[in-house]
Amino acid sequence: MLTAETITDPSDERIGDYRALTDVELRTRWEPPNGLFIGEGELVIRRALRAGYRLRSVLIDAKRVGQLDDLELHDAPVYAGDQATLESITGFHVHRGVLASFHRKPDLTAAEVLATARRVAVLEDVNNHTNVGAIFRGAAALGMDAVLLSPSCADPLYRRSVRVSMGEVFAIPYARIEPWPDGLAAVRAAGLTLLAMTPAPDAVPIQTLTAGQRERTALLLGAEGPGLSAKALDASDVRVVIPMRNGVDSLNVAAAAAVAFWELCR
C-alpha cells in the first residue's frame, strides 16, 4: 500500500517543486536549471516512469492515494492534501488529482537525434506550449522519428506541453539546434531533405513530392502567425504547402503538422 505524508501548509518546503505552477515565467526559470519537470495526471506519470524518468516526489489528492498503489516509486516521497491545499500550492484546481516531479534526463544533441532518424519535425520559434505538446503527440502517433527545436521554442517538458501531448513527449527523441538557422546545415549533412511548410506562391503541394524527396525528410514548421523566417526558408530544399479550400489560408501549426506528418509517413 502506498503511504503518504499529509500536507496542510502550502508553504511547506517539502513541496517547493509544485509551487505556482501557473506562473510560466517562474517555472521556466526554475525547472530546467534545477533539472526537473512536472507531470500532471496518472496517465502522464505512468508514461514518464515507463520512459525511464526518475521520480523526485508525488503530490496527490488525499482521496486518490490508493490509485497509485501498483506503481514502483523507488522511495520517492508522496505528499497528500485536500483540494484546497493543493490549489493553494499550485495556483489551480488539480482536477486530475495527482502531480509528480521528475528528474530530467541529459539533453540529447542534434547529432545524436539525427544519427537514427528518417523523418524529423523541425520547429522554429514555436513558443506556445499547447502547440508544442500537440505537435509531439502528432509526431508520435503518425510516424515521425524525432523533433528538433530552434533555441526559442517552448520547453517540451513544461507541464502544459506534457499534458497536451498525453505524455508522448517522452516517446519522441528531441534536441535543440544551435546556432540557428546555421545548424540546419547539419540536418542536410545527415542526408535529410529540408521541406519548408509555407503558403508561399512557389510552394508545391505536399502530396506531389517525389519518392526521393520523401525518403528521408526534415519538415520545417514555423510559429503561429509569422511562419518560418526568411533564413529558414532559404535553408530549405523544397517549399511545400497543404492545399486549402473555401478561401481558408492556413491551419493552426499543430493541425498542419499532423496533416503533413500523415502525408510524409503514409
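Leucine 123 has leucine 221 as its bridge partner in strand 11, a handy place to start a tour of this predicted model. That pair belongs to a parallel pairing of strand 6 with strand 11 over six bridges. Around these strands, seven in total form an open, parallel sheet in the order 8-7-6-11-9-12-10.

**The sheet and its edges**

- At the edges sit strand 8 (174-176) and strand 10 (204-205), each of which pairs on one side only.
- Strand 10 runs parallel to strand 12 (residues 238-241), and two bridges join them.
- Within that pairing, proline 205 has valine 241 of strand 12 as its bridge partner.
- Helix 10 (residues 253-265) packs on the sheet, where it touches strand 6 (119-124), strand 9 (193-197) and strand 11 (217-222).
- The direction of helix 10 makes about 165° with that of strand 11.

**Strand 11, inside the structure**

- How many residues of strand 11 are buried? Six of the six are, so the strand is largely enclosed by the rest of the structure.
- Side chains in a regular strand alternate between the two faces of the sheet.
- Both faces of strand 11 are covered, with Thr217, Leu219 and Leu221 buried on one side and Ala218, Leu220 and Gly222 buried on the other.
- Strand 9 also runs parallel to strand 11, joined to it by four bridges.
- Leucine 195 stands opposite leucine 219 of strand 11.

**Nonpolar cores**

- The largest nonpolar core has 54 residues, and Val147, Phe170, Met197, Leu219 and Phe261 have the most contacts inside it.
- Helix 10 gives the largest share of this core, eight residues.
- Leaving aside neighbours within four places in sequence, leucine 219 is in contact with residues including Val120, Leu195, Met197, Val240 and Phe261.
- Another core, of 21 residues, lies apart from the largest one; Ala110, Leu194, Ala232 and Ala235 are among its members.

**Arginine 159, a buried charged side chain to look at**- Arginine 159 is found in helix 6 (residues 159-164) and is buried, with a relative accessible area of 4%.
- Which side chain joins that of arginine 159 in a polar contact of 2.9 Å? The partner is glutamate 40.
- A polar atom of the arginine 159 side chain also lies 3.4 Å from the backbone oxygen of leucine 21.
- Beyond its neighbours within four places in sequence, arginine 159 is in contact with Leu21, Thr22, Ile38, Glu40 and Phe92.

**Backbone details to check**

- A cis peptide bond joins glutamate 178 and proline 179, with omega about -10°.
- The peptide bond from tryptophan 180 to proline 181 is cis as well, with omega near 0°.
- Proline 179 lies in the loop between strand 8 and helix 7 (184-189), and proline 181 lies in the loop between strand 8 and helix 7.
- Alanine 20 has a positive phi, near 55°, though it is a residue other than glycine.
- The loop between strand 1 (5-6) and helix 1 (24-30) holds alanine 20, which is partly exposed at a relative accessible area of 25%.
- Methionine 166 is not a glycine, yet it has a positive phi of about 55°.
- Methionine 166 is placed in the loop between helix 6 and strand 8 and counts as partly exposed at 26% relative accessibility.

**What the record says**

- In an unreviewed entry, UniProt lists residues 120-261 as "domain: tRNA/rRNA methyltransferase SpoU type".
- Over residues 120-261, the chain is 32% helix and 20% strand, and the end C-alpha atoms are 9 Å apart.

Terms used
Residues are numbered from 1 along each chain as its sequence is written. This is a predicted model: local features need pLDDT of at least 70, side-chain atom pairs count only at pLDDT 80 or more; totals for chains, interfaces and linings use all residues. Side-chain values use heavy atoms; hydrogens and water are left out. Buried means under 20% relative accessible area, exposed over 50%, partly exposed in between (1.4 Å probe, protein chains only). A polar contact is a pair of N or O atoms within 3.5 Å; within protein, one must be able to donate a hydrogen and the other to accept it, and residues adjacent in sequence count only if both atoms are side-chain atoms. Contact means heavy atoms within 4.5 Å. Two strands pair if DSSP finds at least two bridges between them. Axes are lines fitted to C-alpha atoms, for helices over the stretch in contact, and angles run from 0 to 180 degrees between N-to-C directions. UniProt positions are given in the numbering used here, feature names are shortened, and annotations may be inferred rather than shown by experiment. A nonpolar core is a set of buried Ala, Val, Leu, Ile, Met, Phe, Trp, Tyr and Cys residues joined through side-chain atoms within 4.5 Å.
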